[in-house]
Amino acid sequence: MGEISIGVDIVSIDKIKTILTSKIGKRFKHRIFTDSEIKFCTKKTNSYQHFAGRFAAKEAVKKAILTKGLDNTKFKHIEILSKEGGAPAISLPQKYQSNYSFECSITHTGDNALAFVLMHKK
């Protein structure tokens, strides 16, 4: 395994809920999340917890990328998918995927969502 970089982020589920239910909620949702992510989260019983987890994961990816001095990417270009079995998977623009591999873990408590990302050079 080559060079390693990490990113971690914690997000208040209530804060994400407040934003998504506000007058800017729809614009925020479509600026940050892909259609696949929106579909996944809205199908869940507690959709706000899943939106918060994916938001935290996107922040963690951005932190891992920036620690290596790489160009920043937009939230919408970072897609948090689910592998078979439910584990999160990260989809990024090709310029990152060709040189780096990413692993992600997301957890939720009653109040917060936390994501940890490991980025390593191939």
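Predicted model: local features only at pLDDT ≥ 70, side-chain atom pairs only at ≥ 80, totals over all residues.
Biologist: At what angle do the axes of α1 and α4 cross?

Modeller: Two packed helices are described by the angle between their axes and the distance between the axes. Here α1 spans residues 13-20 and α4 spans residues 47-67, and their axes come within 9 Å. The two helices are therefore roughly perpendicular to each other, with a crossing angle of roughly 105°.

Biologist: Thanks! Which residues of α4 does α1 meet?

Modeller: Let's start from the α1 side, where I13, I16, K17 and L20 make the contact. By class, the contact of the two helices has seven nonpolar, one polar and one charged residues. On the α4 side, the partners are Y48, Q49, F51, A52 and F55.

Biologist: Which residues of α1 are buried, and why are they on the same side of the helix?

Modeller: An α-helix has 3.6 residues a turn, so residues three or four places apart point the same way. The face turned away from the buried side of α1 carries exposed D14, K15 and T18. The buried residues are I13, I16, I19 and L20. They share one side of α1 because they cover an arc of only 125° around the axis.

Biologist: What covers those buried residues of α1?

Modeller: The cover includes helices as well as strands. Among the helices are α2 (25-32) and α4. The strands included are β1 (4-12) and β5 (112-121).

Biologist: Which residue caps the N-terminal end of α1?

Modeller: Look for a side-chain oxygen by the backbone nitrogen of D14. That oxygen lies 3.4 Å from the nitrogen, and the residue supplying the cap is S12.

Biologist: Now to E37: is this residue buried or exposed, and which backbone nitrogen does its side chain reach?

Modeller: E37 is found in helix α3, residues 35-43. Because its relative accessibility is 1%, E37 counts as buried. Its side chain is joined to that of K58 by a polar contact of 2.9 Å. The E37 side chain also reaches, at 2.7 Å, the backbone nitrogen of I80.

Biologist: How far is the C-alpha atom of E37 from that of K76?

Modeller: Along the chain, E37 and K76 are 39 residues apart.

Definitions and conventions: Residues numbered from 1 in each chain as written. Heavy atoms only, no water. Axes fitted to C-alpha atoms, helices over the stretch in contact; angles between N-to-C directions. Helix = DSSP H or I, 4+ residues; strand = E, 2+ residues; numbered from the N terminus. Parallel < 35°, antiparallel > 145°, perpendicular 65-115°, else oblique. Contact = heavy atoms within 4.5 Å. Nonpolar A, V, L, I, M, F, W, Y, C, P; charged D, E, K, R; others polar. Buried < 20%, exposed > 50% of the residue type's maximum accessible area, 1.4 Å probe, protein only. Arc of directions from axis to C-beta. Polar contact = N/O pair within 3.5 Å; in protein donor to acceptor, adjacent residues only side chain to side chain.
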